[in-house]
Amino acid sequence: MKTATLSLALALALAAAGALADDGKAFATGNMSEAVKAMDTDHDGMVSEAEYLRYQEAQYDRMKDGAGTVADDAFATGNMSEAVKAMDADHDGRVSRAEFLSYQRARFAKMKKTAGGMVMNADMLGYLKASTF
Ligand SMILES: [Ca+2]
Ligand SMILES: [Ca+2]
C-alpha cells in the first residue's frame, strides 16, 4: 500500500500547490472533499489553522525521505516547479518542514474566514478546488 499512499500524498501536494494537469484534476478534486473531512478533526464543520497545518504536516511526513526533508523533484515536475520554488525559501533544493509549513500558513491566511478566524469546510473545499487551476 506504500505506493498508493505516496500517490495520494503526491496528488494532494500537487493540488495544494495548485498545479494539476487537466487529466489529474478530477482525481484531485474527487479527493478534496475527503481531504477537507480529514482536516476537520473535531467535526465542527470548520477548519482551524491548527487543523489545517496538522493535516499538511502529515502530508509532508509522508513525502519526506531519509534526509528528513523533501527534495524539490519529489514534489513533481513541470508547473509544480513554480510552487516548489516558492516553498524552497533558502534555495537549497530541498523543502524543509519549516519551509513547507510557512508556505501552507500563507495559503491558509488567504482563505475566507469566519469572524473567529476559521475556514468553513465548504470554503476550504472551494479554495482547494479553485487552486488546482
Ligand atoms: Ca474543525
Ligand atoms: Ca530549502
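## Terms and source

A nonpolar core is a set of buried Ala, Val, Leu, Ile, Met, Phe, Trp, Tyr and Cys residues joined through C-beta atoms within 7 Å. A residue counts as buried if 20 or more other C-beta atoms lie within 10 Å of its own, as exposed if 12 or fewer do, and as partly exposed in between, with C-beta atoms placed from the backbone.

The model is predicted: local features need pLDDT of at least 70 and side-chain atom pairs count only at pLDDT 80 or more, while totals for chains, interfaces and linings use all residues. Residues are numbered from 1 along each chain as its sequence is written, and chains are lettered from A and ligands numbered from 1 in the order in which they are written.

## Overall fold

The chain has seven helices and four strands; helices (H or I, at least four residues) and strands (E, at least two) are DSSP runs, numbered from the N terminus. Their order from the N terminus is α-α-β-α-β-α-α-β-α-β-α.

Of the 133 residues in the chain, 31% are buried. Two residues are in contact if their C-beta atoms, placed from the backbone, lie within 7 Å. Among contacts with a separation of 6 or more, 55% join residues 24 or more positions apart.

## Nonpolar cores

The largest nonpolar core has 13 residues, and those touching the most other members are Ala35, Val36, Met39, Val47, Tyr52, Val119 and Met124. Two or more residues each come from α2 (22-39), β1 (46-47), α3 (49-63) and α7 (121-130). Helix α2 provides the largest share, four residues.

Leaving aside residues up to four places away in sequence, Met124 touches Val36, Met39, Val47, Met111 and Val119. A second, separate core has nine residues, including Tyr60, Phe75, Val95 and Phe100. In soluble globular proteins, nonpolar side chains tend to be buried together.

The expected span of a helix is 1.5 Å times one less than its number of residues. Helix α3, with 15 residues, reaches 21 Å from its first C-alpha to its last, close to the expected 21 Å. Buried in α3 are Glu51, Tyr52, Tyr55, Gln56, Gln59 and Tyr60; buried in α6 are Glu99, Phe100, Tyr103, Gln104 and Phe108.

The two helices α3 and α6 pack at about 140°, with axes 10 Å apart; axes are lines fitted to C-alpha atoms, for helices over the stretch in contact, and angles run from 0 to 180 degrees between N-to-C directions. This makes α3 oblique to α6, given that angles under 35 degrees count as roughly parallel, over 145 as roughly antiparallel, 65 to 115 as roughly perpendicular and the rest as oblique. The contact involves Glu49, Tyr52, Leu53, Gln56, Glu57 and Tyr60 of α3, and Arg97, Phe100, Leu101, Gln104, Arg105 and Phe108 of α6.

## Single residues

Most residues other than glycine have a negative phi. His43, in the loop between α2 and β1, has a positive phi of about 50° and is exposed, with 8 other C-beta atoms within 10 Å. His91 lies in the loop between α5 (80-87) and β3 (94-95); its phi is positive, about 50°, and His91 is exposed, with 8 other C-beta atoms within 10 Å.

Lys37 belongs to helix α2 and is partly exposed, with 13 other C-beta atoms within 10 Å. Lys37 and Asn121 are 84 residues apart in sequence and 7.8 Å apart in space, C-alpha to C-alpha.
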